Amino acid sequence: MTERTLSQLVAEQSVIVCAGSGGVGKTTTAAVLALEGARQGRKAVVVTIDPAKRLADTLGIASLSNQATKIEGDWPGELWALMLDVKSTFDDLIATYAGDAAQAKRILENRFYRNISGALSGTQEYMAGEKLYELHELGAETPDGVRTRFDLVIVDTPPTRNALDFLDASRRLTSFLDHRVYKMLMAPTRAYMKAVNVAAQAFIRTVGRVVGGEVLDDALSFFTAFDGMEDGFRERAAHVQALLGADGTSFVLVASPRRDTVEEAAFFADKLRTSDLAVAGLVVNRMHPRFGGGTPGADRQRARTLVGSPIGTLYANLADFRDMADGEEAHIAGLTGSVAPAPVVRVPFLAEDVHDLATLEQIAAHLFDR
Amino acid sequence: MDPASFLHASRVVIVAGKGGVGKTTVTAALARMAAREGLSTLVLEVEGKSGIAGLFEKAALTYDEVVLCPSGDGAAEVRGRTLTPDDALLEYLEDHGLKRVSRRLVATGAMDVVATAAPGIKDILLLGKVKQLERAGDAGTVAPDGTAPADLIVLDAPAAGHAISFLLSARGLLDAVRVGPVSTQARDVLELLTDPARCQVVLVTLPEETPVNELVETAFHLEDRVGVSLGPVVVNGVYPVLGDLDVDPVEAAASGDTTLRSGEGEALAAAAAFRSARQTLQAEQLGRLAEALPLPQLHLPFLFRSDLGLADVDLLADALRAAVIAVPEPSRSAP
C-alpha cells in the first residue's frame, strides 16, 4: 500500500469520508479538505450533516441548505457546500423508486413514513450515504435549476457516538427489508389476509398491544404502500456500499487527543480494516501546543521554587502546557500505529477559534504541511 | 446559592451538551458534589461507553447498579448504571403482563421493528425507566436486591443534536400514539420533563465560539419545544486566569534572581502569549454567553491534564460547589 499525503488524496480521490466521534472537528476538517480541492483546481463539494450553522458561518455564507451553494473565492477550482436534509433526501429516493406517482404519494403521506424519514435514528446515516452516492453519480441541482457535476465529494459523517453506523446504514436497511418480522408484517397483504398463520397474527397483536394499534396500522399501510420497491432500494443500498469500497473513495479519521475519542478512532480503524477499507489519513485536532524543549519536571520545579513571582507564573504556565502536550502525545501514540502507514497529521489547538476562511487557512497550513 | 437548595431543586438532573464539551466529566463532578453534600446519587448513562466509570476509576457500567464511589468522610455513595432500550423494554413488558412473549420479542429482533414502528420508543423506554427510578426515590421504595433509592439522579444525556430528539421523543410519541401503554408512558415522561420541581436540565459548554452558539440554540429549543426547566449552565474547561503573562521573561528572571536556560525565554514568552490570547477569547465568549442566555454560569477549570481520574473529579466537584455558592440567590418575588 502506498501512503499518500492528504494533499495527494485531495488531488487524486473522488470521495473522501471524514469519520470520527462528535466534537472532534470533523466538519472543520471536511471544509478544509474541500477548500484545498478548489485550490488545486478541482470542483469540490462538501456535505455537512450537522444541523448547526457552523459550516455556513465558517465559509462566510448566510446559511446552507439541501441545495448546493457555490462559495466564491480566489481559487482556480470550485468550492460548493450543502447541508444534508434527511427528509427531502428520503422523499427524493421514494419518488425515484416508486412505481408511479400514486404510490409515491401514498408513501409520502403515510404517518409512519413521515416519522421514520424525519426522526428515526439511523435514517440520517443512511441518507448521508445516499446523498454521497447521488452527488458522486449525478451531481447536484444548483439554485439556478442546472445540474452540475463534481469531481471531489467530501462528506462529514453524522455526529454519532459510533461512527460505524454510517458504514452499516445501508446494510441495515437491507437487513430490515429482509427481516422475518417485517415479512410477517407483510404477510397479510401478500396472502390477501387469508393465509396468515396463527403465530404471526398473535405476534402482530402483541406488538400492537405494546405500541398501540394506530402505530401498527400506520406501519402496515406503509409496508403495503412500499410493496414492490424493495428491490430498487436493495439495489441502491448495494451501490452505496460499492462506492464506499471503491478505489477512488478514502476514509480520513478525525480525532481529538482524548482517551475516549482516540479509543473510538482506533476501533473504527480496525473495523474499516476488517471490511477491507483502509484509513487513508488520521487528523488529530486540538493538540495543545508544545513550547520549547526541556523536561516537564524541571519547569514544574522552577515554578514551585519561584511561586508568587512573575517568572514563577511563567514557568507554571509553561509546565501546564508541557504536561498537557505530553499526555496528549501519549494518547495518540497507539493510534498512529494502528492506522500505519497512513499519514498522521497533528493540528494544534489554535490561539483563536476557527470561524472564517482565514482561520480555515491556518488549519490548512497544518493539514497540508505548508 | 446554597449548594443544598441547588441540589434539592429536583430529583432528576439531565446533563446535556454537544459532543466533546465534557458532559460526562460534569456529570461525574455534579454527582460527587451531591454525594459530599450527603445526597446518595445515581448516575445514569444511556449510550454506553460514556467514560463515566473511567472517571471514577471503575470498570464499565452494567444495567445493574454498581458503586462508583463508596460513602465515607461524610459523603454519601455515588452509584451508576447504564440503561439500554432492550433491557428497559424487557422490564416494561414484564411489568405490563407480557412476560411470556417478552423474551421472544427481544430475541427475534422484533425490538428493531417495534422501534421503527414507533420512532422515539427507545428513548421513551429509557426515560420511562428514569421516571420509574425517580418515583421509587419519592416513595422510598427499596429495590428487590435491597438497594435504597437515590436522593439524586444524574442522567448523562446523549450528545446535543440527539439530546433534543431524545427529550422531544415524548411529545412526538404523544402525537403519534394516543392510546395504549406507550402513550401513557410518554405522558408520564413529559410530565416529569416539564415539572421544574422534579427535573432540570444542566447544559454544558466550552468557552469557545461554536460550542457557545450551539448551547444557546439548544437552550432555546429545549425550553420552547420540550418545555423543560433549565438549571445553571456549566462552562467546562475554563483556563484559570493568570496575571503577569505580559512580563518579559528575561526581566522577570533577572528580578527573580533566576538564570534562564538557552531558548527558555522564547518558550516562556510563547506559552504566555498563547495563554493570554485564549484568556482574552474565553472572556469574550463567557460575556457573549451571559448576554445571550440569562442563566447563571458555573465555571469549571481546565486542569491541563488529558486524562482525568477520581482525584480530578473531586477537584472539579469542589470547583462546582464554589461556583454554585457564588451564584446570587434567586430573588423570590410573590407570584
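Start inside the sheet of chain A. In strand S9(A), A:Gly281 is the bridge partner of A:Val252. A word of caution before I go on: this is a predicted model.

That bridge belongs to a longer pairing. S8(A) and strand S9 (residues 279-287) of chain A run parallel, with 5 bridges between them. On another pairing, S8(A) meets strand S1 (residues 15-19) of chain A, also in the parallel sense and also over 5 bridges. There, A:Val17 stands opposite A:Phe251 of S8(A).

Now think about the faces. Side chains in a regular strand alternate between the two faces of the sheet. In S8(A), one side carries A:Thr249, A:Phe251, A:Leu253 and A:Ala255.

Next, strand S2 (residues 43-48) of chain A. This strand is mostly covered, with 5 of its 6 residues buried. S2(A) pairs with strand S4 (residues 78-83) of chain A in the parallel sense, over 6 bridges. In that pairing, A:Val46 stands opposite A:Ala81 of S4(A). S2(A) also runs parallel to strand S7 (residues 152-156) of chain A, joined by 4 bridges. Two positions to look at there: A:Val45 has A:Val153 as its bridge partner, and A:Val47 stands opposite A:Val155.

Now the overall numbers for chain A. The chain holds 16 helices and 10 strands. Of its 370 residues, 54% count as buried. Take the contacts between residues at least 6 apart in sequence: 74% of those join residues at least 24 apart.

On to helices. Two packed helices are described by the angle between their axes and the distance between the axes. Look at helix H4 (residues 86-97) and helix H7 (residues 123-138) of chain A. Their axes come within 9 Å and cross at roughly 65°. The crossing of H4(A) and H7(A) is left-handed. From H4(A), the contact uses A:Val86, A:Thr89, A:Phe90 and A:Leu93. From H7(A), it uses A:Thr123, A:Gln124, A:Tyr126, A:Met127, A:Glu130 and A:Lys131. By kind, the residues of this contact are 5 nonpolar, 3 polar and 2 charged.

One more helix: H11 (residues 213-226) of chain A. Buried residues in H11(A) include A:Val215, A:Leu216, A:Phe222 and A:Phe226. Just after H11(A), A:Gly228 takes a positive phi of about 100°.

Now some backbone details. The peptide bond from A:Ala340 to A:Pro341 is cis, with omega near 5°. A:Pro341 lies in the loop between helix H15 (310-339) and S10 of chain A.

Two residues have a positive phi without being glycine. A:Asp276 is at about 60°, and B:Phe304 is at about 55°. A:Asp276 sits in the loop between helix H13 (259-274) and S9 of chain A. B:Phe304 sits in the loop between strand S8 (297-301) and helix H13 (310-326) of chain B. Buried or exposed? A:Asp276 is exposed, with a relative accessible area of 73%. B:Phe304 counts as buried, at 4% relative accessibility.

Last stop, also in chain B. B:Ala53 lies in helix H3 (residues 52-55) of chain B. B:Ala53 has a relative accessible area of 7%; the cut-off for buried is under 20%, so B:Ala53 is buried. Beyond its neighbours within four places in sequence, B:Ala53 contacts B:Lys58, B:Ala59, B:Ala60, B:Leu61 and B:Leu68. The C-alpha atoms of B:Ala53 and B:Gly80 are separated by 8.0 Å, and the two residues are 27 apart along the chain.

Definitions and conventions
Residues numbered from 1 in each chain as written. Chains lettered and ligands numbered in written order. Predicted model: local features only at pLDDT ≥ 70, side-chain atom pairs only at ≥ 80, totals over all residues. Heavy atoms only, no water. Buried < 20%, exposed > 50% of the residue type's maximum accessible area, 1.4 Å probe, protein only. Pairing = 2+ DSSP bridges. Axes fitted to C-alpha atoms, helices over the stretch in contact; angles between N-to-C directions. Left-handed = near helix turned anticlockwise from the far one by under 90°. Contact = heavy atoms within 4.5 Å. Nonpolar A, V, L, I, M, F, W, Y, C, P; charged D, E, K, R; others polar.
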